[in-house]
Structures are given as structure tokens and as C-alpha cells.
Amino acid sequence: MNIPNLISLLRMGLIPLFVIAVLQGEPRRALVIFAVAGATDALDGFLARVLRQMSVLGTYLDPIADKLLLTTAFVILAIPGAHPGLTIPMWVTVLVIARDVLILVVALVLYLAMGMSRFLPTPLSKVNTALQIVAVVLVLTTGFVPRLEGVTLFAIYAVAALTLLSGLDYIYRASRMKEENDRAAA
């Protein structure tokens with residue numbers, strides 16, 4: 001097990017601490033834990049490149065740790081009364097999770113049908129993920145800075161819109177890949 005993979009595992013280990021901080025009504029502590037987890041995401045990628053410790057395990061572990069953290073944040077911050085400040089609407093959380101499930105299913109189908117083992121994120125998907133992170137930070141921050149509720153609501157609805165667009169983009173890209181594969185096979 002190399003250092004970047006251990007850092008990814010550390011990020012997963014921070015998830016229960018994040019949940020506990022949210023449920024104990026400590027948004028500042030939850031925000032710090034979320035920020036530390038985010039820093040470990042940047043650190044493990046940097047170290048993997050610098051130390052030349054990129055691994056097959058790391059290519060799976062890193063995005064899994066990221067998705068677990070973000071999904072957990074959306075779920076816990078959607079529970080009414082679970083924390084001080086604004087609550088993410090449940091339908092937005094369901095939309096975010098449904099998109100991730102859709103991407104997994106599309107990637108699995110492409111792998112099984114065409115042997116494609118790489119289904120890279122789109123620029124729209126990367127912007128969506130960044131906005132999801134911003135929305136989580138803002139929701140946590142409204143627990144101790146309530147005047148940010150308007151900006152936070154805007155970010156939450158922007159996440160919903162981008163999540164929907166990104167999901168449709170993945171469906172479109174997958175159908176184009178299938179068509180190209182079918183043409184190449186003919």
C-alpha cells in the first residue's frame with residue numbers, strides 16, 4: 001500500500017467524523033473536516049504523480065473516496081433538523097445520487113457491451129462536482145453565517161440544474177460511443 005492510497009483511505013476515515021460533527025450541530029467542525037478531506041484529495045493525486053506511486057488500486061480508491069464523501073455530505077445535509085442552517089432539499093440529493101448511479105450503469109454497460117474500460121469525466125461533470133463541493137461548504141457555513149442562505153439556495157439549485165444536464169450529457173456521450181462502435185464493427 002503506497003502513501004497516496006493511504007491518504008485516500010484517510011479521506012474515507014474522515015467521513016464518520018464529518019457525519020458526527022454535522023449531527024452534533026457543529027457546522028464549523030464539520031466544515032474543517034470536509035476541508036481537510038478535500039485537501040487530502042489534492043494531496044494524494046499530487047503525491048501519486050511526484051512520487052510516481054500511481055496504482056490501479058489508487059485509480060479506483062480515489063474516486064470512490066470522493067464520491068463517498070460527497071454523497072454522504074448530501075445525504076446528511078438533506079435530513080431536516082439534523083444540523084443548524086439550511087437543509088439541502090431531498091429531491092436535489094436524490095438527483096445527485098441518481099446521476100452517479102446512472103453514470104455507473106452507463107459505464108458498466110459500455111464495458112460489457114463494448115469492452116470500454118475508461119469512461120472519462122466531461123468538463124461539465126467536473127464543474128458539477130466543483131459546484132457540489134461549493135454547495136456543501138455553503139450549507140455548512142449557513143449554520144454559523146445565516147445571511148448566506150440566498151447564495152446557498154442559488155448554489156443548491158445550480159447543482160440540481162448542472163446535475164441534470166451532466167446526466168443527460170453522459171447519456172448522449174454513451175449513445176454516440178455505441179453508434180461509433182457499431183459503425184466500426186460493421
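Across the whole structure, a search finds 2 aromatic pairs, where rings of Phe, Tyr and Trp (its six-membered ring) pair if their centres lie within 6.5 Å, and planes under 30 degrees apart count as stacked, over 60 as edge-to-face and the rest as tilted. In one of these pairs, the ring centres of Phe 18 and Phe 34 are 5.7 Å apart and the planes lie at 45°, so the pair is tilted. This pair links distant parts of the chain, 16 residues apart: Phe 18 belongs to helix 1 (residues 3-23) and Phe 34 to helix 2 (residues 27-50). Helices are DSSP runs (H or I, at least four residues), numbered from the N terminus. Both Phe 18 and Phe 34 are buried, where buried means under 20% relative accessible area, exposed over 50% and partly exposed in between (1.4 Å probe, protein chains only).

This is a predicted model, in which local features need pLDDT of at least 70 and side-chain atom pairs count only at pLDDT 80 or more, while totals for chains, interfaces and linings use all residues. Residues are numbered from 1 along each chain as its sequence is written, and side-chain values use heavy atoms, with hydrogens and water left out.

Attention now turns to Ser 166, which is located in helix 6 (residues 149-185). Ser 166 counts as buried because its relative accessibility is 0%. Its side chain is joined to that of Arg 99 by a polar contact of 3.0 Å (a pair of N or O atoms within 3.5 Å; within protein, one must be able to donate a hydrogen and the other to accept it, and residues adjacent in sequence count only if both atoms are side-chain atoms).

Helix 2 also includes Leu 43, which is partly exposed, with a relative accessible area of 39%.

Conventions. Helix = DSSP H or I, 4+ residues; strand = E, 2+ residues; numbered from the N terminus.
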